[in-house]
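Work through the exercises below with the structure in view. Each task is followed by its solution.

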Amino acid sequence: MKQILLITDGCSNVGLSPIVAAAHANSEGISVNVVGVLDHGDVGELGASEIEEIARAGGGLSRMVNMRQLSQTVQMMTRKTVVQTIQIAVQKELKQVLGNGSIEALPPDKRAEVVRVIDELGETSGLQVALIIDASASMKPKLAAVEEAIRDLMLSLQARQGKSEISVFHFPGSRNGDDCVMDLNWTDHLNGVQAIFPKLQMGGTTPTGPAIMHVIDFYRQGVYGRQSRDETDGMMSGYVV
Amino acid sequence: MATSFKIDLRRGMVVTGKWKQGRYRIEKLLGEGANGKVYLVQRDRNWFALKVGSDAVDLQSEINVLQSIAKQKKQGQETFLFDVDDLYGPDGKEYPFYIMRYVLGTTLADYLKQQGAEWFPLVGLNLLGKLAKLHHAGWVFGDLKVENVLVADYGHVELVDYGGVTAVGKGIRQFTEIYDRGYWNGGSRSADAKYDLFSFGVLCIQLHEPKRLHGLTTELLPQNRSVEELMQVAESSQGLRPIAGWLRKAFGGEFHDAGDASAAWRLLMHRSDTHRTSGIPGWLKGLVAVSAVLLGTSVYWLVRNML
């Protein structure tokens, strides 16, 4: 299962629409969740509706939170999306078997069986979450809370039985022309990672859409890279050493 | 996620199960959990608690756990889960619900406030006993906190809100930050008996030093949250000092399970200083001291005479 989790506090202002980008992700089988981080005020009506729409286009969830709730929200959203992804897959199967798409329509005892399967798959299947962090100037005071939320998410994922990995990106990049920069490649632990965002230079623009596209690309490469690596490991391990 | 949960059942309404046609009269709202609302209801002049959820999968997942626990119950134990069905809300939508035994009681914090802190050691022991039963059957409660413990007369304890109950070895399904082992950098979020005992330790601190515990959560940087910080509160608190050694073991994962932990707790209870207000009057203590001195003198005298 693949997820993108976007943490932002406002509106995108350059490049491709993030809603289009999120729809792309969804068609690649990647669910997009969005957390809008509020300070004392709010993200504005425009920001709020964009956040909601990105998640809708990306087949994920969206939520507005203040910094204190960030860790718990990120953790719950990820978990909930895992269940949802599996639920959608199971519902497809149900449609073929029962001619009935919804779990709610099943009588309680049958529902119990289906939910047992969903829970089991949700706990044991592999999961990758790519976090995309908005590092525009207004996010600067919130990055400590974001980092805490990432560490907390890692802790929850480590408790799963299935293989779980995260990667971290931020946007915009510090140099001109970089939409998005990787801070952390796929990993299943954060031991020894002192700071996820060392010395960030906060940029002015907010290229949310291009950043999402960048990460979709990264996912794609990851799949190809891994497959070929697996083959080498299996078939030509003698050459590797 | 309990985001847009709007169902509101009012007093006097009668809800009817869609599948089994059980009829329940709503009396009042008892509480709100992460997955839904709990109401006091009546059926055939019996009282029950009805939990209604917004998400069929979430609630069913909780029901599955309750049913597994029910299957493991030995004969003679009270039934907990009575009915599982769907109801039509006032908005015409279907909502899943289940019916459980109604537990008459007050929350832990209120009970100790009303009845006195001297009940704390016994209530703690009873709570550990409840946890021990769950652990023995292969489950971890998960979301142990003051709000999820009801106390009835004479310190009888009931756990409520089974939304966090997790099979040993899986990821804890639902937790509350300040009671969470991971939050205090005290270990993983995998379900094991020690996870509940950690939460139990935080619960003890929450009962005796709620302000200082809250202070820690706002003052400390995430990387500085530690068992040591919790222990500092415990060791400098009059009410907690007698159990500080026990707490250190609970936070350090040194008890194998709640059975082990309750045996150690029971030993503490029979030490007089565990009870905050010592029941022994001063003159009695004096008498004991005097007789000890007399005994010492006579032994000395005896020994001297024998030599």
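**Exercise 1: The interface**

Between chain B and chain A, 12 residue pairs are in polar contact, both residues at pLDDT 80 or more. A polar contact is a pair of N or O atoms within 3.5 Å; within protein, one must be able to donate a hydrogen and the other to accept it, and residues adjacent in sequence count only if both atoms are side-chain atoms. The model is predicted: local features need pLDDT of at least 70, side-chain atom pairs count only at pLDDT 80 or more, and totals for chains, interfaces and linings use all residues. Residues are numbered from 1 along each chain as its sequence is written, chains are lettered from A and ligands numbered from 1 in the order in which they are written, and side-chain values use heavy atoms, with hydrogens and water left out.

Task: find which elements of chain B supply at least two residues each of the side that touches chain A.

Step 1. These elements are α1 (56-72), β5 (81-88) and α5 (210-219); helices (H or I, at least four residues) and strands (E, at least two) are DSSP runs, numbered from the N terminus.

Step 2. α1(B) gives the largest share, seven residues.

Step 3. By class, this side of chain B has nine nonpolar, 13 polar and nine charged residues. Ala, Val, Leu, Ile, Met, Phe, Trp, Tyr, Cys and Pro count as nonpolar, Asp, Glu, Lys and Arg as charged, and the others, Gly among them, as polar.

**Exercise 2: Salt bridges**

Task: state how many salt bridges (a side-chain nitrogen of Lys or Arg within 4 Å of a carboxyl oxygen of Asp or Glu) join chain B and chain A.

Step 1. The count is seven.

Step 2. A:Asp152 and B:Arg189 form a salt bridge through their side chains, at 2.7 Å from N to O.
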